[in-house]
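Morning, everyone. Please have the structure open while I talk.

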Amino acid sequence: MGVGRGTRVRVRIRIEGIVQGVGFRPHVHLLARRLNLSGWVGNDDRGVFVEVEGEPGDLERFRKGLRDQAPPLAAIDRLTATEIPVRGDRGFRIVASREGNHRFTLVSPDVATCDDCLSELFDPADRRHRHPFVNCTNCGPRFTIIRDVPYDRAATTMAGFAMCGECEREYLDPSDRRFHAQPICCPACGPVLRLLDGGLRGASHARDPGGGDSGDGPDPPGPNGGSHAHGPGTGHPGKRPDDGVDPIVAAVRVLRAGGVLAVKGLGGYHLAVDATDEEATRTLRSRKRREERPFAVMVPDLRTARALCELDAEGERLLTGSRRPIVLLPRRPGGAVAEAVAPGDRRLGLMLPYTPVHHLLAAELARPYVLTSGNLSDEPIAYRDDDALTRLAGVADAFLTHDRPIHARADDSVLLAVGGGAVPLRRSRGYAPEPLRLSPPARRAVLACGAELKSTFCLARQEHAFVSHHIGDLENHETLCSFTEGIEHLRRLLGITPALVAHDLHPEYLSTKYALDLEVPGSVDLTGVQHHHAHIASCLADNGERGPVIGVAFDGLGYGTDGTIWGGEFLVADLAGFTRAGRLAPVPMPGGTAAIRQPWRMAAAHLRAAYGDALPEDLPVRARYGPRWDEVVAVAESGTNSPLTSSAGRLFDAVAAILGLRDTAGYEGQAAIALEQCADPVEKGAYWARIVDDGPLLTILAADLVRAVVEDTRAGAVPALVAARFHNGLAAAAARVCARLREDTGIGTVALSGGVFQNRLLLDGLVTALRLRGLRVLTHRTVPPNDGGISFGQAAVAAARDTLGLF
C-alpha cells in the first residue's frame, strides 16, 4: 500500500456470494478483533459490507483471512476493496442491516444439523437437550424460512419468536458459535413440537392398541403467516407440551403400531412408516395412491446404511455431507426392509437424518423408516400447516408438527451414486437456490420456464443462474400454482426482473403457456428453445463449456422442429444453436400419451417396424393382448393419434414389454428402469444395429435391435442376457454415430444428456465406447440429465443468444 509501519489505512470492502446466514459477519468480527482493527461489518441486499482500519500489514492479513478462514458454508464470489479516508475510530462492531435498491444477495440452502448441535441435542446436561429446533451459524434452516433479504431474523419465519435472555446473550457474544445465528432458539423461547391426531383414523386406531395415548394433543398451530405461539420444546425438564407426553416418544409409538405419521420437515411435510413393516408400507401406498414408485428410507446411521446397501467411500460422503440428499445405492440381499418399500428394485434410496426432529425419531425408533413426500400422487408437497392437515387427513394417522412456518417448499434432493461420483436426479433441498455459473454471463436478466415433467425454473443474472427447487410434473392446477408462486418468491428474494424469457417449443406445456402469457409489448423478449438443444446446453453449461459438441440427447419425449416427437437425437450444437445430425429411426406412438403408461403399445409399434406382416405368432407379448394388439397396430398405421417418435425412452419401454418385464407403467420411465435392473452387468455381448444415411440424418435402425431381442429370446436366452446385449448394442451404435460425426465435423467432444442417461448401465457403456474411440465426453455434474435440468439449459441458450445479439 506504499505506507510504512505505524501508518493507519482505512478500506471499504464489499463481499458478494453466499455470505448471509452462514456466520460471515461473526467471522469478519472475530478476524478484525484478533488483528486489532477498527470499523464495522453489516448485511445489505448485495451481501456483506465492511469498513476496516488499521496498519497496512494487518489489513493485508485481514483481507487474506476473509477468504482463507471463511465459515464452511460461505462461498465468496467477489471481494472488492477501496481505500477511503481514515476515521481514527476504535473498536469493531456489527451494525444494523441496510436495505438498498439493487439486490445481489445469494441465499444459502438449508443445511443439515452439525455435529456440535447434535452433541447438545443428546446431552442430558445441556439446556438444549432433545430440543427439536437446535441450530447454529453452521447448520439449520435457511432458504425455506427466508421471507426477504437482508437475512436477519425479522425477515425469516422466526420473526414471531422473541429470544429469551440466554439465547440473546449467545446471539450477541462474538465468541459463541451462535453469534448472529438468525434461527437461534431454545426450549424456553423456540417453536413448539406437537403430535396431533390425524382426525380420520388417529394414532390410537393403529394396529397396536398400546399406541392410544399418543393420539390427542393441543390444538393445531395456526396457518403459515399468522401469529406464532410461543412455548417449550420437547425435552427440557419441566418444559413438556401441555399433555405432558414427549411428542417424539408418542410419534414413535404411532410408527411401531403400524401407523402413518406426517412429519413437518424443513421444506414441507413427509409421510413416515416403519420401513420394516410390510403392512404399514402397503397401507401408505394405498392411502397416498402411489402403487409402485419406490419410497426413500431414512436410516439412523451409517452402520444401518451398510447393512441395507453396498456403500463405498463416495456413497458415505454423499450420505453424511451437509446437504443430506437421498442417495440411490445397490441393495444388499436380505436387507431388513419391507418388500413394499421398493418393489422389485435392486436399489434403495437412503438418507441420513438432517434435522433434529429426524435425529430424535431415528434414535427413538432405532430402525429404518420410510420418509416420502407429504402429498398424494402427482400433487406438490404440502408445506403450509392448514393445507397439510386438510390434504393429508385421509393419509396420516397422526401429525408431528410445530409452529415455525415454512416459507418456501423444497422436496428432498436425489443423487445416483456412480463409479466414484454422483449423477443428480433431483436438485432441491440442500442445493437450491445455490447459484450455478453461467458462461457467457447473461447481459440481461433471464427467466427460463423449463419443461413439463420434473419441472424447475431458472432465474439468471450476470454469471449467476439460480435453478429452482424441484416442483414436480406440471400437469395440474396445484403444481402450476407451486410453479408460479416459486417464481415470484425467488424473483423477489433475488431482486431479479427478467428481460428475457426462455421456454420449450411444445405449445401445450403449461410452462410454455406461462411464458407466452408474460409477453406484453416492450416488456420482455421471448425465445423458444428446442427441448433436446436445452438438454445439451444444460450439459455444456454444467461443465462450464460453450461448444460446439456432438450432443447425444436420449430421453422420453420432446417437441421437434419438424412436428414429430424427438427423443433419440444426435445434435451438432453450441449454446446458441444446433443442427440435427442423427436420430433413432422413428416409429408411430399408438394412442399418443397412452403409450407412456402402456409400454406394450410401443412394443407393437417397434415390432411392426421390425417385422411388418411377418411378426412371429408365438410372441408372448402379442398373445397377451389378442384382438387389441391388431387394433393398436391398425391405429399406428393409420397415423390417427399416433405421432412419429424417435424416442430412446419409448424404445426401452418396447423392449421391456417384449421381455415380459412391464406391459404397463405406474410412472414415467418405470419400464425402462425395469429393463436396466434386469440386465446382467457383466455380460459383454452386444446386438448390432445398422446406421444408414437418411437424407441429412444418420439413423440408427432400432428395428435391428428389436429383431435381435426377439430372436435371442425365442432361442432361449434369459431376459438378463437379452437386456444387457440390448444396452450394449445401443451404446455401441451411438458411439459409431458420434465417430462418424467427428469425421464430418472435426468435433471431438461429446455431451450426453436426457433422462435416459439416468440409466447407469447405458451411461457407463457409452462413455467407455466413446473414450475408446478417442472422444472426450461431458456428463452432468450439478444439474440432472433429466428434465429437471432443462431450465438451466434454456437460460444458458438465452444468455448466449443475447450475447450474440440474436433478439
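Keep in mind that this is a predicted model. In the second largest pocket, the lining residues divide into 15 nonpolar, twelve charged and seven polar. The volume of this pocket is about 870 Å³. It has 34 lining residues, and the closest to the centre are Glu676, Pro681, Arg760, Leu761 and Asp764.

Which element gives the most to this lining? Helix 22 does, with seven residues. That helix spans 760-772. Other elements that each supply at least two residues include helix 19 (670-678) and helix 21 (719-745). Strands take part too: strand 10 (326-330) and strand 14 (414-418).

Now the backbone. Most peptide bonds are trans, and most residues other than glycine have a negative phi. Here are some exceptions.

Ser439 and Pro440 are joined by a cis peptide bond, with omega about 5 degrees. Pro440 sits in strand 16, residues 436-448. Gly547 and Pro548 also have a cis bond between them, with omega about 10 degrees. Pro548 is in a loop, between helix 13 (531-542) and strand 20 (549-559).

Next, phi. Asn36 has a positive phi, near 60 degrees. Find it in the loop between helix 1 (24-34) and strand 2 (38-44). His180 also has a positive phi near 60 degrees. Its loop runs between helix 4 (165-172) and strand 6 (193-197).

Are these residues buried or exposed? Asn36 counts as exposed because its relative accessibility is 65%, and the cut-off is over 50%. His180 is at 16%, so it is buried.

Key: Residues are numbered from 1 along each chain as its sequence is written. This is a predicted model: local features need pLDDT of at least 70, side-chain atom pairs count only at pLDDT 80 or more; totals for chains, interfaces and linings use all residues. Side-chain values use heavy atoms; hydrogens and water are left out. On a 1 Å grid over the protein atoms alone, a cavity is a set of points where a 1.4 Å probe fits but cannot get out, and a pocket is an open set with protein on both sides within 12 Å along at least five of seven lines; lining residues have an atom within 4 Å of a point. Grid points are joined across faces, edges and corners, and a volume is the space filled by probe spheres set on the points. Helices (H or I, at least four residues) and strands (E, at least two) are DSSP runs, numbered from the N terminus. Ala, Val, Leu, Ile, Met, Phe, Trp, Tyr, Cys and Pro count as nonpolar, Asp, Glu, Lys and Arg as charged, and the others, Gly among them, as polar. Buried means under 20% relative accessible area, exposed over 50%, partly exposed in between (1.4 Å probe, protein chains only).
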